[in-house]
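Open the model in your viewer and keep the sequence panel beside it. The stops below say what to select and what is found there.

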Amino acid sequence: MKLISDPPIPVKIQKMKERVRWMHPSFVQRGIDQTSMVIDDGREDSPEFSFMVIGDSGTQSHYRHHPQRKVAELMLTHRDDCSFVLHTGDVIYVVGSQEFYSTNFIEPYREFLVGGNNPNSIPYDRMVFNLPFLPVPGNHDYYDVPLMYRLFTGTTSSLRRLFRYKDIEIGWHGSYQGNAYARAFMDYTQAIASPQELERHLDKHYTAKTGTGRCLRYQPGQFTRLPNRYYTFRYGGIDFFALDSNTFNTPSPLPATQEGQIYRRELQKRRQEIDREELQILGICDGLNPDKPTEAEQLDELTAKLDQIDEIKIDIEKQLASEKMPEIDFEQLEWLRSRLIESWNTSEVRGRVIFFHHPPYVTEATKWNQAQTLAVRHRLRWVFERVAETLGSLIKERPIVDLILNGHAHCLEHLCTTDTGFADSHINCIISGGSGHRPRYQRREGTELMEIFTEIADKPTRKVADSKLFVGRHDYNLQKRLPYSSVRIDVLAGTPPKFTIRPLVTERVGDEWCNRELEPFVI
(Lines give C-alpha, C1' and ligand atoms only; values in the text may rest on other atoms or scores of the structure.)
Protein backbone atom coordinates (compact mmCIF):
# COMPACT_ATOMS: atom_id res chain seq x y z
CA MET A 1 0.00 0.00 0.00
CA LYS A 2 1.31 3.46 -0.91
CA LEU A 3 1.35 5.40 2.36
CA ILE A 4 2.64 8.77 1.14
CA SER A 5 1.85 10.64 -2.08
CA ASP A 6 3.63 13.60 -3.66
CA PRO A 7 1.50 15.95 -5.79
CA PRO A 8 2.56 16.56 -9.41
CA ILE A 9 4.65 19.67 -9.98
CA PRO A 10 1.96 21.54 -12.00
CA VAL A 11 -0.48 21.00 -9.13
CA LYS A 12 2.00 22.38 -6.57
CA ILE A 13 2.62 25.46 -8.70
CA GLN A 14 -1.03 26.19 -9.47
CA LYS A 15 -2.28 25.63 -5.90
CA MET A 16 0.37 27.95 -4.45
CA LYS A 17 -0.47 30.63 -7.03
CA GLU A 18 -4.14 30.47 -6.06
CA ARG A 19 -3.30 30.85 -2.37
CA VAL A 20 -1.42 34.12 -2.86
CA ARG A 21 -3.72 35.38 -5.67
CA TRP A 22 -0.78 35.45 -8.06
CA MET A 23 -0.98 38.43 -10.46
CA HIS A 24 -4.42 39.41 -9.18
CA PRO A 25 -5.47 42.83 -10.56
CA SER A 26 -5.30 44.38 -7.08
CA PHE A 27 -1.59 43.48 -6.91
CA VAL A 28 -0.87 44.46 -10.52
CA GLN A 29 -2.59 47.85 -10.29
CA ARG A 30 -0.50 48.77 -7.26
CA GLY A 31 2.74 47.69 -8.91
CA ILE A 32 3.35 45.05 -6.25
CA ASP A 33 6.17 42.54 -6.68
CA GLN A 34 4.79 39.35 -5.15
CA THR A 35 8.24 37.75 -4.80
CA SER A 36 9.99 40.48 -2.77
CA MET A 37 9.83 41.64 0.83
CA VAL A 38 11.61 44.00 3.21
CA ILE A 39 12.43 42.98 6.78
CA ASP A 40 11.52 46.11 8.73
CA ASP A 41 13.47 45.70 11.97
CA GLY A 42 15.51 48.93 11.93
CA ARG A 43 18.76 46.99 11.49
CA GLU A 44 18.51 45.82 7.90
CA ASP A 45 21.17 48.28 6.66
CA SER A 46 23.93 47.17 9.07
CA PRO A 47 26.80 45.53 7.11
CA GLU A 48 27.55 43.17 9.99
CA PHE A 49 24.82 40.87 11.20
CA SER A 50 24.15 37.27 12.18
CA PHE A 51 21.47 34.72 11.41
CA MET A 52 20.75 31.06 12.17
CA VAL A 53 19.90 28.17 9.85
CA ILE A 54 17.91 25.04 10.70
CA GLY A 55 16.19 22.36 8.65
CA ASP A 56 14.41 18.99 8.70
CA SER A 57 13.26 19.75 12.19
CA GLY A 58 9.54 19.12 12.26
CA THR A 59 9.28 16.09 14.47
CA GLN A 60 7.82 15.53 17.91
CA SER A 61 9.21 13.81 20.98
CA HIS A 62 10.08 10.13 20.51
CA TYR A 63 10.76 7.64 23.29
CA ARG A 64 11.34 10.31 25.96
CA HIS A 65 13.64 12.41 23.76
CA HIS A 66 12.87 15.67 21.97
CA PRO A 67 15.87 16.52 19.75
CA GLN A 68 14.17 19.48 18.07
CA ARG A 69 13.57 21.13 21.45
CA LYS A 70 17.21 20.55 22.40
CA VAL A 71 18.30 22.34 19.22
CA ALA A 72 15.84 25.18 19.92
CA GLU A 73 17.26 25.61 23.43
CA LEU A 74 20.74 25.84 21.94
CA MET A 75 19.49 28.45 19.47
CA LEU A 76 18.02 30.54 22.28
CA THR A 77 21.50 31.35 23.59
CA HIS A 78 22.19 33.09 20.25
CA ARG A 79 18.75 34.58 19.68
CA ASP A 80 19.48 38.13 20.79
CA ASP A 81 22.56 38.34 18.55
CA CYS A 82 20.77 37.19 15.39
CA SER A 83 18.56 39.09 12.96
CA PHE A 84 16.57 36.15 11.63
CA VAL A 85 16.29 32.36 11.28
CA LEU A 86 16.28 30.60 7.90
CA HIS A 87 14.54 27.22 7.72
CA THR A 88 15.61 24.94 4.85
CA GLY A 89 12.37 22.93 4.75
CA ASP A 90 10.54 19.90 6.15
CA VAL A 91 8.89 22.04 8.78
CA ILE A 92 6.41 19.27 9.67
CA TYR A 93 6.89 15.50 9.44
CA VAL A 94 5.70 13.21 8.00
CA VAL A 95 3.11 14.72 5.67
CA GLY A 96 3.04 18.42 6.52
CA SER A 97 -0.29 18.13 8.33
CA GLN A 98 -1.88 21.00 10.25
CA GLU A 99 -2.56 18.46 13.02
CA PHE A 100 1.09 18.50 14.03
CA TYR A 101 2.00 22.18 13.88
CA SER A 102 1.22 22.61 17.58
CA THR A 103 3.51 19.78 18.79
CA ASN A 104 6.08 19.76 15.99
CA PHE A 105 6.64 23.50 15.51
CA ILE A 106 4.85 25.91 17.86
CA GLU A 107 5.77 24.09 21.08
CA PRO A 108 9.52 23.61 20.41
CA TYR A 109 10.01 27.16 19.03
CA ARG A 110 7.62 28.90 21.43
CA GLU A 111 10.14 31.59 22.50
CA PHE A 112 10.37 32.78 18.89
CA LEU A 113 6.59 33.42 18.76
CA VAL A 114 4.42 36.22 20.10
CA GLY A 115 2.37 34.66 22.90
CA GLY A 116 4.79 31.76 23.15
CA ASN A 117 4.39 31.61 26.94
CA ASN A 118 1.07 29.91 26.17
CA PRO A 119 1.85 27.94 22.99
CA ASN A 120 -1.32 25.85 23.07
CA SER A 121 -3.36 28.97 22.42
CA ILE A 122 -1.56 29.85 19.15
CA PRO A 123 -3.43 28.70 16.01
CA TYR A 124 -1.03 27.32 13.39
CA ASP A 125 -2.36 29.73 10.75
CA ARG A 126 -2.04 32.85 12.94
CA MET A 127 1.56 32.65 14.08
CA VAL A 128 3.44 35.92 14.56
CA PHE A 129 7.21 35.76 15.08
CA ASN A 130 9.13 38.09 17.35
CA LEU A 131 12.30 37.16 15.44
CA PRO A 132 11.90 36.71 11.66
CA PHE A 133 11.47 33.02 10.86
CA LEU A 134 11.91 32.51 7.11
CA PRO A 135 11.27 29.00 5.73
CA VAL A 136 11.15 27.33 2.34
CA PRO A 137 8.94 24.29 1.75
CA GLY A 138 10.49 20.83 1.99
CA ASN A 139 9.21 17.68 0.31
CA HIS A 140 7.40 16.58 3.47
CA ASP A 141 5.57 19.91 3.57
CA TYR A 142 3.90 18.91 0.28
CA TYR A 143 3.19 15.24 1.02
CA ASP A 144 -0.29 13.81 1.42
CA VAL A 145 -1.93 10.71 2.86
CA PRO A 146 -3.98 8.66 0.38
CA LEU A 147 -7.62 8.35 1.37
CA MET A 148 -7.47 4.53 1.51
CA TYR A 149 -4.68 4.69 4.12
CA ARG A 150 -6.71 7.06 6.26
CA LEU A 151 -9.77 4.83 6.04
CA PHE A 152 -7.86 1.63 6.80
CA THR A 153 -5.84 3.03 9.71
CA GLY A 154 -8.96 4.60 11.14
CA THR A 155 -10.99 1.38 11.12
CA THR A 156 -8.66 -1.59 11.13
CA SER A 157 -6.71 -2.24 14.32
CA SER A 158 -4.37 -4.80 12.73
CA LEU A 159 -3.27 -2.30 10.09
CA ARG A 160 -2.86 0.37 12.75
CA ARG A 161 -0.44 -1.97 14.54
CA LEU A 162 1.34 -2.82 11.30
CA PHE A 163 1.83 0.84 10.42
CA ARG A 164 2.40 1.93 14.01
CA TYR A 165 5.68 3.62 13.24
CA LYS A 166 3.92 5.91 10.76
CA ASP A 167 1.02 6.59 13.12
CA ILE A 168 3.47 8.58 15.28
CA GLU A 169 3.23 11.54 12.92
CA ILE A 170 0.62 10.60 10.31
CA GLY A 171 -2.94 11.31 11.33
CA TRP A 172 -6.11 11.87 9.36
CA HIS A 173 -4.72 14.62 7.19
CA GLY A 174 -1.81 15.35 4.87
CA SER A 175 -0.59 18.75 3.76
CA TYR A 176 -3.37 19.05 1.17
CA GLN A 177 -0.84 19.84 -1.56
CA GLY A 178 1.11 22.24 0.64
CA ASN A 179 -1.94 24.06 1.96
CA ALA A 180 -0.98 23.77 5.65
CA TYR A 181 2.47 25.26 4.97
CA ALA A 182 0.89 28.12 2.99
CA ARG A 183 -1.60 28.91 5.76
CA ALA A 184 1.13 28.77 8.39
CA PHE A 185 3.72 31.01 6.74
CA MET A 186 2.53 32.70 3.54
CA ASP A 187 0.28 35.72 3.06
CA TYR A 188 -2.76 33.60 2.27
CA THR A 189 -4.80 36.28 0.52
CA GLN A 190 -7.08 33.66 -1.03
CA ALA A 191 -8.84 33.57 2.34
CA ILE A 192 -9.72 37.29 2.21
CA ALA A 193 -13.39 37.40 1.42
CA SER A 194 -14.17 40.75 -0.19
CA PRO A 195 -12.36 42.94 -2.75
CA GLN A 196 -12.52 45.88 -0.34
CA GLU A 197 -10.89 43.87 2.43
CA LEU A 198 -8.15 42.71 0.04
CA GLU A 199 -7.40 46.29 -0.96
CA ARG A 200 -7.20 47.40 2.66
CA HIS A 201 -4.86 44.49 3.37
CA LEU A 202 -2.53 45.40 0.51
CA ASP A 203 -2.50 49.09 1.43
CA LYS A 204 -1.58 48.18 4.99
CA HIS A 205 1.03 45.45 4.51
CA TYR A 206 2.53 46.05 1.04
CA THR A 207 4.02 49.46 1.71
CA ALA A 208 7.74 48.72 1.33
CA LYS A 209 9.55 49.63 -1.88
CA THR A 210 12.42 48.05 -3.80
CA GLY A 211 13.80 48.45 -7.30
CA THR A 212 11.05 46.15 -8.59
CA GLY A 213 8.14 48.07 -7.08
CA ARG A 214 6.06 47.90 -3.93
CA CYS A 215 6.37 44.77 -1.81
CA LEU A 216 5.45 43.14 1.46
CA ARG A 217 6.74 44.74 4.66
CA TYR A 218 7.76 42.00 7.12
CA GLN A 219 7.40 43.46 10.64
CA PRO A 220 8.64 41.26 13.53
CA GLY A 221 6.06 41.07 16.28
CA GLN A 222 3.31 42.48 14.05
CA PHE A 223 3.05 41.02 10.55
CA THR A 224 5.31 38.08 9.69
CA ARG A 225 3.98 36.57 6.48
CA LEU A 226 5.93 35.57 3.38
CA PRO A 227 4.81 36.87 -0.03
CA ASN A 228 5.20 33.63 -1.96
CA ARG A 229 6.65 30.10 -1.91
CA TYR A 230 9.86 31.58 -3.39
CA TYR A 231 10.97 35.10 -2.56
CA THR A 232 13.90 37.48 -2.09
CA PHE A 233 14.98 40.09 0.44
CA ARG A 234 18.04 42.27 1.00
CA TYR A 235 19.72 42.59 4.37
CA GLY A 236 23.04 44.27 5.16
CA GLY A 237 23.91 44.54 1.48
CA ILE A 238 23.35 40.79 0.93
CA ASP A 239 20.63 39.55 -1.41
CA PHE A 240 18.90 36.41 -0.12
CA PHE A 241 16.98 34.19 -2.54
CA ALA A 242 14.56 31.60 -1.14
CA LEU A 243 13.60 28.86 -3.61
CA ASP A 244 11.06 26.06 -3.79
CA SER A 245 13.17 23.16 -5.08
CA ASN A 246 10.17 20.79 -4.97
CA THR A 247 9.14 22.07 -8.40
CA PHE A 248 12.44 21.56 -10.24
CA ASN A 249 13.72 18.31 -8.75
CA THR A 250 12.14 15.80 -11.16
CA PRO A 251 14.75 13.51 -12.76
CA SER A 252 15.33 13.73 -16.50
CA PRO A 253 13.74 10.96 -18.62
CA LEU A 254 15.47 7.60 -18.80
CA PRO A 255 17.07 7.27 -22.23
CA ALA A 256 15.11 5.30 -24.83
CA THR A 257 18.09 3.05 -25.42
CA GLN A 258 19.00 -0.50 -24.52
CA GLU A 259 21.01 0.83 -21.58
CA GLY A 260 17.99 2.88 -20.49
CA GLN A 261 15.74 -0.16 -20.58
CA ILE A 262 18.23 -2.21 -18.58
CA TYR A 263 18.40 0.53 -15.95
CA ARG A 264 14.59 0.71 -15.83
CA ARG A 265 14.40 -3.03 -15.14
CA GLU A 266 17.03 -2.62 -12.40
CA LEU A 267 14.93 0.10 -10.79
CA GLN A 268 11.82 -2.09 -10.92
CA LYS A 269 13.73 -4.97 -9.36
CA ARG A 270 15.08 -2.69 -6.63
CA ARG A 271 11.55 -1.45 -5.97
CA GLN A 272 10.34 -5.00 -5.38
CA GLU A 273 13.30 -5.75 -3.12
CA ILE A 274 12.68 -2.78 -0.84
CA ASP A 275 8.96 -3.62 -0.68
CA ARG A 276 9.93 -7.02 0.73
CA GLU A 277 12.46 -5.44 3.08
CA GLU A 278 9.83 -2.99 4.34
CA LEU A 279 7.37 -5.78 5.13
CA GLN A 280 10.06 -7.67 7.06
CA ILE A 281 10.96 -4.62 9.13
CA LEU A 282 7.30 -3.82 9.81
CA GLY A 283 6.82 -7.36 11.05
CA ILE A 284 9.67 -6.94 13.53
CA CYS A 285 8.32 -3.54 14.62
CA ASP A 286 4.95 -5.07 15.34
CA GLY A 287 6.53 -7.34 17.95
CA LEU A 288 8.43 -4.63 19.84
CA ASN A 289 7.21 -2.79 22.91
CA PRO A 290 8.15 0.92 22.90
CA ASP A 291 7.65 1.06 26.69
CA LYS A 292 10.74 -1.12 27.20
CA PRO A 293 13.95 0.94 26.83
CA THR A 294 15.95 -1.69 24.93
CA GLU A 295 13.09 -2.44 22.54
CA ALA A 296 12.35 1.28 22.13
CA GLU A 297 15.94 1.82 20.97
CA GLN A 298 15.62 -1.04 18.49
CA LEU A 299 12.29 0.35 17.29
CA ASP A 300 13.92 3.73 16.73
CA GLU A 301 16.64 2.13 14.61
CA LEU A 302 14.10 0.24 12.51
CA THR A 303 11.96 3.35 12.12
CA ALA A 304 14.97 5.21 10.74
CA LYS A 305 15.42 2.42 8.17
CA LEU A 306 11.75 2.64 7.21
CA ASP A 307 12.11 6.39 6.67
CA GLN A 308 15.04 5.75 4.34
CA ILE A 309 13.01 3.12 2.46
CA ASP A 310 10.23 5.69 1.92
CA GLU A 311 12.74 8.12 0.42
CA ILE A 312 14.24 5.45 -1.86
CA LYS A 313 10.75 4.44 -3.03
CA ILE A 314 9.77 7.99 -3.94
CA ASP A 315 13.04 8.60 -5.76
CA ILE A 316 12.64 5.36 -7.76
CA GLU A 317 9.03 6.21 -8.58
CA LYS A 318 10.07 9.63 -9.88
CA GLN A 319 12.64 7.98 -12.16
CA LEU A 320 10.25 5.31 -13.42
CA ALA A 321 7.61 7.96 -14.16
CA SER A 322 10.02 10.06 -16.22
CA GLU A 323 9.23 8.58 -19.64
CA LYS A 324 8.78 12.03 -21.18
CA MET A 325 10.30 15.42 -20.48
CA PRO A 326 9.49 16.26 -16.84
CA GLU A 327 7.41 19.21 -15.75
CA ILE A 328 9.94 21.81 -14.61
CA ASP A 329 9.21 25.11 -12.92
CA PHE A 330 10.95 27.24 -15.52
CA GLU A 331 9.03 30.30 -14.34
CA GLN A 332 10.83 30.14 -11.00
CA LEU A 333 14.21 29.33 -12.57
CA GLU A 334 13.83 32.26 -14.98
CA TRP A 335 12.92 34.49 -12.03
CA LEU A 336 16.13 33.41 -10.26
CA ARG A 337 18.19 34.07 -13.39
CA SER A 338 16.83 37.58 -13.88
CA ARG A 339 17.08 38.49 -10.18
CA LEU A 340 20.68 37.30 -9.95
CA ILE A 341 21.59 39.42 -12.97
CA GLU A 342 19.81 42.40 -11.44
CA SER A 343 21.61 41.79 -8.14
CA TRP A 344 25.02 41.80 -9.83
CA ASN A 345 24.14 45.07 -11.55
CA THR A 346 23.16 46.79 -8.28
CA SER A 347 26.11 48.62 -6.73
CA GLU A 348 24.94 48.44 -3.11
CA VAL A 349 24.74 44.63 -3.21
CA ARG A 350 27.96 43.02 -2.02
CA GLY A 351 26.97 39.35 -1.87
CA ARG A 352 24.34 36.75 -2.62
CA VAL A 353 22.96 33.78 -0.64
CA ILE A 354 20.41 31.24 -1.90
CA PHE A 355 18.58 28.73 0.26
CA PHE A 356 16.27 25.86 -0.64
CA HIS A 357 15.53 22.30 0.44
CA HIS A 358 17.20 19.73 -1.86
CA PRO A 359 21.02 19.96 -1.83
CA PRO A 360 22.80 19.87 -5.19
CA TYR A 361 25.99 18.62 -3.47
CA VAL A 362 26.01 16.31 -0.43
CA THR A 363 27.79 13.23 0.95
CA GLU A 364 25.07 12.07 3.36
CA ALA A 365 24.63 8.35 2.65
CA THR A 366 20.98 8.41 1.54
CA LYS A 367 21.00 11.58 -0.56
CA TRP A 368 24.29 11.91 -2.42
CA ASN A 369 23.30 9.82 -5.45
CA GLN A 370 19.54 10.38 -5.52
CA ALA A 371 18.18 11.24 -8.93
CA GLN A 372 16.55 14.30 -7.35
CA THR A 373 19.93 15.52 -6.09
CA LEU A 374 21.39 15.37 -9.59
CA ALA A 375 18.29 17.00 -11.09
CA VAL A 376 18.54 20.00 -8.76
CA ARG A 377 22.28 20.29 -9.46
CA HIS A 378 21.72 20.37 -13.21
CA ARG A 379 18.81 22.85 -13.03
CA LEU A 380 20.79 25.20 -10.80
CA ARG A 381 23.82 24.89 -13.06
CA TRP A 382 21.60 25.73 -16.03
CA VAL A 383 20.59 29.00 -14.32
CA PHE A 384 24.15 29.89 -13.29
CA GLU A 385 25.45 29.28 -16.80
CA ARG A 386 22.97 31.75 -18.23
CA VAL A 387 23.75 34.33 -15.56
CA ALA A 388 27.47 34.00 -16.31
CA GLU A 389 26.87 34.37 -20.06
CA THR A 390 24.99 37.62 -19.48
CA LEU A 391 27.34 39.15 -16.90
CA GLY A 392 30.61 38.25 -18.61
CA SER A 393 33.60 40.03 -17.05
CA LEU A 394 31.48 41.70 -14.35
CA ILE A 395 31.83 38.58 -12.19
CA LYS A 396 35.66 38.52 -12.43
CA GLU A 397 36.94 35.74 -10.15
CA ARG A 398 33.91 35.56 -7.86
CA PRO A 399 31.32 32.75 -7.83
CA ILE A 400 27.77 33.51 -9.00
CA VAL A 401 26.58 33.23 -5.38
CA ASP A 402 28.62 33.39 -2.21
CA LEU A 403 26.75 30.72 -0.28
CA ILE A 404 24.18 27.96 -0.86
CA LEU A 405 22.14 26.72 2.13
CA ASN A 406 20.15 23.47 2.05
CA GLY A 407 18.44 20.80 4.14
CA HIS A 408 16.92 17.43 3.12
CA ALA A 409 20.09 15.55 4.13
CA HIS A 410 19.90 14.87 7.86
CA CYS A 411 23.28 16.23 8.82
CA LEU A 412 25.39 19.35 9.12
CA GLU A 413 27.87 19.58 6.27
CA HIS A 414 30.19 22.09 4.64
CA LEU A 415 31.13 21.44 1.03
CA CYS A 416 32.93 23.50 -1.55
CA THR A 417 32.55 22.94 -5.26
CA THR A 418 35.71 22.57 -7.31
CA ASP A 419 36.36 23.79 -10.84
CA THR A 420 33.39 21.93 -12.29
CA GLY A 421 33.89 23.36 -15.74
CA PHE A 422 30.65 25.30 -15.33
CA ALA A 423 29.39 28.41 -13.53
CA ASP A 424 28.74 26.48 -10.32
CA SER A 425 32.49 26.40 -9.55
CA HIS A 426 34.08 27.39 -6.23
CA ILE A 427 30.84 27.87 -4.26
CA ASN A 428 30.59 27.20 -0.53
CA CYS A 429 27.59 25.08 0.48
CA ILE A 430 26.26 24.55 4.00
CA ILE A 431 23.71 21.79 4.66
CA SER A 432 21.72 22.32 7.84
CA GLY A 433 19.27 19.43 7.85
CA GLY A 434 20.08 17.85 11.19
CA SER A 435 17.76 19.88 13.40
CA GLY A 436 15.44 17.17 14.67
CA HIS A 437 14.68 14.20 12.44
CA ARG A 438 17.02 11.21 12.73
CA PRO A 439 20.62 12.06 11.80
CA ARG A 440 22.19 9.99 9.01
CA TYR A 441 25.66 8.57 8.34
CA GLN A 442 28.10 9.96 5.84
CA ARG A 443 28.53 7.78 2.75
CA ARG A 444 31.35 5.22 2.72
CA GLU A 445 32.60 6.34 -0.69
CA GLY A 446 34.52 9.26 0.84
CA THR A 447 34.49 13.04 0.85
CA GLU A 448 35.21 13.68 -2.85
CA LEU A 449 32.12 13.99 -5.04
CA MET A 450 32.65 12.81 -8.61
CA GLU A 451 30.31 13.39 -11.55
CA ILE A 452 29.96 11.54 -14.83
CA PHE A 453 30.22 13.73 -17.92
CA THR A 454 29.16 11.57 -20.86
CA GLU A 455 29.68 14.47 -23.27
CA ILE A 456 33.40 14.74 -22.42
CA ALA A 457 35.13 11.80 -24.09
CA ASP A 458 38.63 12.30 -22.66
CA LYS A 459 37.38 13.06 -19.12
CA PRO A 460 34.27 10.98 -18.38
CA THR A 461 34.39 11.75 -14.65
CA ARG A 462 35.34 14.89 -12.82
CA LYS A 463 35.48 15.93 -9.16
CA VAL A 464 32.78 18.52 -8.55
CA ALA A 465 32.91 19.06 -4.76
CA ASP A 466 34.83 18.32 -1.57
CA SER A 467 33.23 17.75 1.81
CA LYS A 468 35.12 19.83 4.40
CA LEU A 469 33.02 19.03 7.48
CA PHE A 470 30.38 16.41 8.22
CA VAL A 471 28.39 16.17 11.46
CA GLY A 472 26.00 13.24 11.39
CA ARG A 473 25.20 9.90 12.91
CA HIS A 474 28.34 7.97 13.84
CA ASP A 475 29.55 5.13 16.06
CA TYR A 476 32.20 5.51 18.75
CA ASN A 477 33.30 2.85 21.25
CA LEU A 478 30.33 0.66 20.24
CA GLN A 479 27.93 3.50 21.00
CA LYS A 480 25.69 5.19 18.49
CA ARG A 481 26.04 8.95 18.68
CA LEU A 482 23.22 11.12 17.38
CA PRO A 483 24.22 14.76 16.81
CA TYR A 484 21.47 17.29 16.12
CA SER A 485 22.43 20.68 14.79
CA SER A 486 21.81 24.18 13.57
CA VAL A 487 24.20 26.84 12.33
CA ARG A 488 24.90 30.43 13.28
CA ILE A 489 26.36 32.51 10.47
CA ASP A 490 28.03 35.86 11.14
CA VAL A 491 28.22 38.10 8.08
CA LEU A 492 31.26 40.38 8.14
CA ALA A 493 31.56 43.82 6.57
CA GLY A 494 33.40 44.24 3.28
CA THR A 495 33.16 43.23 -0.36
CA PRO A 496 33.17 40.39 -1.14
CA PRO A 497 31.65 39.43 2.21
CA LYS A 498 33.12 36.82 4.51
CA PHE A 499 31.01 34.51 6.64
CA THR A 500 31.95 33.03 10.01
CA ILE A 501 30.24 29.64 10.33
CA ARG A 502 29.47 28.56 13.90
CA PRO A 503 28.10 24.98 14.15
CA LEU A 504 25.65 24.53 17.03
CA VAL A 505 25.53 20.85 17.97
CA THR A 506 23.79 18.90 20.73
CA GLU A 507 24.42 15.14 20.82
CA ARG A 508 22.57 12.21 22.33
CA VAL A 509 24.49 9.13 23.47
CA GLY A 510 22.11 6.62 25.03
CA ASP A 511 19.91 8.70 27.35
CA GLU A 512 22.51 11.41 27.88
CA TRP A 513 22.72 14.76 26.09
CA CYS A 514 25.73 17.02 25.74
CA ASN A 515 26.48 20.13 23.71
CA ARG A 516 29.49 19.92 21.42
CA GLU A 517 31.60 22.96 20.66
CA LEU A 518 33.02 22.89 17.15
CA GLU A 519 35.55 25.43 16.00
CA PRO A 520 34.05 28.27 13.94
CA PHE A 521 35.50 28.70 10.47
CA VAL A 522 35.50 31.53 7.95
CA ILE A 523 34.53 31.19 4.30
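Select helix α1, residues 9-19, and colour its buried residues: Ile9, Lys12, Ile13, Met16 and Arg19. Buried means under 20% relative accessible area, exposed over 50% and partly exposed in between, with a 1.4 Å probe and protein chains only. Helices (H or I, at least four residues) and strands (E, at least two) are DSSP runs, numbered from the N terminus. Look down the axis of α1: its buried residues fall within an arc of 130 degrees, so they line one face of the helix. The arc is that of the directions from the helix axis to the C-beta atoms. Arginine 21, which follows α1, has a positive phi, near 50 degrees.

This is a predicted model, in which local features need pLDDT of at least 70, side-chain atom pairs count only at pLDDT 80 or more, and totals for chains, interfaces and linings use all residues. Residues are numbered from 1 along each chain as its sequence is written, and side-chain values use heavy atoms, with hydrogens and water left out.

Next, select Phe105, Phe233 and Phe240. Within the largest nonpolar core, which has 76 residues, these three touch the most other members. A nonpolar core is a set of buried Ala, Val, Leu, Ile, Met, Phe, Trp, Tyr and Cys residues joined through side-chain atoms within 4.5 Å. Beyond its neighbours within four places in sequence, phenylalanine 240 has contacts (heavy atoms within 4.5 Å) that include Phe49, Phe84, Tyr231 and Val353. A second, separate core has 36 residues, among them Leu340, Ile341, Val464 and Phe470.

Move to glycine 407, in the loop between β10 (403-406) and β11 (412-417). Is glycine 407 buried or exposed? Its relative accessibility is 0%, so glycine 407 counts as buried. The largest share of the lining, nine residues, comes from α11.
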